[in-house]
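Hi,

Here is the structure for your files. My notes follow below it.

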Amino acid sequence: MSNPDRKPVRVVVLGGGTAGWMSAAGLAGLLGPLVEVTLVESEDIGIVGVGEATLPHIRGYVERLGIDEAAFMQATHATYKLGIDFRDFGRIGESYVHPFGTFGEEVAGVPFHHYWLEMQRQGRADEIGSYSLAVTAALENKFRPPTTDASLTSTYGYAYQFDATLFGPFLREHARKLGVARIEGKVVEVKQDGESGDVTALVLENGQQIAGDLFVDCSGFRALMIGGTLEEEWEDWSQWLPCDRAAAMPCEHVREEIHPYTTAIAMPAGWRWRIPLQHRIGNGYVFSSSFLSEDEACAVIAGAAEGTRLADPRVLRFRAGRRRASWNRNVIAVGLSSGFLEPLESTSIYLAQMAVTYLLELFPEGGRIDPRDRDEFNRLVDMEYDRVRDFLILHYHATTRDDSEFWNHVRTMRVPDSLQEKMTLWRETGRVEKYSDGLFYDASWIAVYLGQGLLPECHDPRTRLPDPDRIARALGSLQQAIRDETAAMPGHRDFLMSRAERLAAAP
Ligand SMILES: Cc1cc2nc3c(=O)[nH]c(=O)nc-3n(C[C@H](O)[C@H](O)[C@H](O)COP(=O)(O)OP(=O)(O)OC[C@H]3O[C@@H](n4cnc5c(N)ncnc54)[C@H](O)[C@@H]3O)c2cc1C
C-alpha cells in the first residue's frame, strides 16, 4: 500500500444497496478524516430490496451515526418489531413467538426457564410466551419503547420493519452530508497490482477509473471483486438450508391493526413471510426449487395476499453459504457478496452491520493491512455466519412435520456438529450453550427449542424446592404484571401515528 500515514485512506465502496450505503455511511461517519470514501453504483443494475425486517442491533447503527429515529422511520415507512411469530414450524397448527426479549428472571443463579420446566412437569405452567412481555405485547399489537431501568419494562428490545428500497436512499443522503462521493456507472473491469494482486482501481463503462487503497465489495450476489477478481471460494450450505428461491410480492393493508412483528409461516416447500410496513405489507415465499417450481410459488404468494397486489410476484434466486474469507488482499466483502442466509431470522442486514463494525475496529490505519487484523476480521465474520446458520437449521430440523418431501428431508438430514452439540446439551440438561460474541443468546434458543417442540429430558435440580407453590405463585405474579403492563401500552398503530404527528408538528 502506497498511502503514507497521515493521508486519509481512499476507500472505494462498490455497490449502492443496503450494504453499500451502510458501509459508506458507517466508515465516513465513524472514521471521519481518516478516510475518503467514494461509492460507485449502477442504477441500471439495481438492488435486491425486498423485505425487510431487521434485528435490534440496527438501532445501535442508527444511533451511532446520529440519525434521528423518527425521521428515519418516516422516510422508510417503518414499523416497530418485537419479534417473529413462527407458525406451523414444529407441527402444523402450532405457533410461537421468538421475541426480542427475555422470559422471566434468573432466581438464585438458576435461569427462569428451568423453573418453568419444573412447573410445566407438574402441570402448573402456561406457555412460555406468557412469561415474556415482548411476546405478550406483540400478540396484543401493543408497543412502547422499553425503559432503561431494571424493571419489567426493560426486558425487551425492538427492531424495525422498513421498505428496503427507501433505506439505501435515506442513508445515501446521510452519507453525502458526511462527505461520501457518489459515482453513477457500471464497473466493467477491476484493475490489480501485478505484484501484490491488490486491487488498485475500478474501471467504468465510460473509461473512468476510480483508484483506491481499500475496496469494499458490496456488489451483491455478483460479488464482482471478492468472487470475480479474487476468486474467493464460496462455502455452500445448501445441504442444510435447501431454500434457494423467493417469490416476493407487496400488497395493501386490509386490517386495522399493524402487527409489531414479522410472521413466518411454514409451507410445504419452505416458508412464507409477512412483513407489515406503515403503507403496505411485504409478502414472500422462500422455497427450495428441488421441491417446488417458481410458477407454483408465485401462484401461492399471489393467492396469499390479503389486500390488492401492489406488484406482480418477483422471483429472487440465491444459495445459502458464505465466502471462505470475506476479507482477501485489500478487498472486504460486505452484504450479499460476503454470504447469504435466508431471511428466516432477518439476519442479513445485521451481518452487514457487524462486518462494518469489525472493519471499523480493525481498520488499517494509513492503509497498511496487518494480516493479523485481516485474519481476525475473517474469524469474527465466519463466527457470525456460522452461528446464524446453526440457528436457522434448528427451525427446520427440530420438527415433527412429515407432510411433504421438503420437511422429511430437513427433519432427517445430518446437521453440522456444532448444532448437534448444542441440541444434545439442551435435550440432556436444559442448558443453552454459552457464548459472549455473535448472535442469539439464551432467550432466542429457548424460544425456538421450545417452540419447535424440543423439550429437554432434564432441568436444573435446584428448581425442585420443598415449596413448589412458591414458584407457582412467582410465575403467576409475573404473568399478571406482564398482562397489566401490556394493557397500559398504546396500540402499535396508535404509537406509530402519534410519533408521525409529533414529527410533522416539529418546527
Ligand atoms: C428474498 C430475500 C429476502 C430478504 N429479506 C431480508 C430481511 O427481511 N432482512 C434482512 O436483514 N435482509 C434480508 N435480505 C437480504 C437483504 O436484501 C440484503 O442483505 C441487503 O439488501 C443488502 O444487499 P446488498 O447491498 O449486499 O446487495 P444489492 O442490494 O444487490 O446491491 C448491490 C449493488 O451493487 C451494484 N452493482 C453490482 N454490480 C455492479 C457493477 N458492475 N457496477 C456498478 N455497480 C454494481 C448495484 O447497482 C447495487 O447498487 C433478503 C434477501 C432476499 C434475497
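**Ligand site**

An oxygen atom of the ligand sits 2.8 Å from a polar backbone atom of Ile349. That is a polar contact (a pair of N or O atoms within 3.5 Å; within protein, one must be able to donate a hydrogen and the other to accept it, and residues adjacent in sequence count only if both atoms are side-chain atoms). For Leu336, the distance from a polar backbone atom to a ligand oxygen is 2.9 Å. For Gly17, a backbone N or O atom lies 3.4 Å from an oxygen atom of the ligand. On its own the ligand has 1,000 Å² of accessible area, and the protein covers 97% of that. Areas come from the Shrake-Rupley method with a 1.4 Å probe; for residues, only the protein chains shown count as cover.

Before going on, the basis. This is a predicted model: local features need pLDDT of at least 70, side-chain atom pairs count only at pLDDT 80 or more, and totals for chains, interfaces and linings use all residues. Residues are numbered from 1 along each chain as its sequence is written, and side-chain values use heavy atoms, with hydrogens and water left out.

Around the ligand there are 33 residues, of which Gly16, Glu52, Ala53, Val187 and Ile349 come nearest. Near means that one heavy atom of the residue lies within 4 Å. The shell divides into 17 nonpolar, twelve polar and four charged residues. Nonpolar covers Ala, Val, Leu, Ile, Met, Phe, Trp, Tyr, Cys and Pro; charged covers Asp, Glu, Lys and Arg; the others, Gly among them, are polar.

**Sheets**

β8, β9 and β10 form an open three-stranded sheet in that order, with antiparallel pairing. Strands are DSSP runs (E, at least two residues), as are helices (H or I, at least four), numbered from the N terminus. Two strands pair if DSSP finds at least two bridges between them. β8 (187-192) and β10 (209-211) are the edges; each has a single partner strand, so one side of each lacks a neighbour in the sheet. β9 (residues 199-204) pairs with β10 over three bridges. Ala201 stands opposite Ala211 in β10.

Another open sheet of three strands runs β12-β18-β21, also with antiparallel pairing. Three bridges join β12 to β18 (residues 321-323). Trp234 has Arg323 in β18 as its bridge partner.

**Aromatic pairs**

The whole structure holds 29 aromatic pairs. Phe143 and Phe495 form one that is edge-to-face, at 5.5 Å centre to centre and 65° between the planes. Rings of Phe, Tyr and Trp (its six-membered ring) pair if their centres lie within 6.5 Å; planes under 30 degrees apart count as stacked, over 60 as edge-to-face and the rest as tilted.

Best wishes
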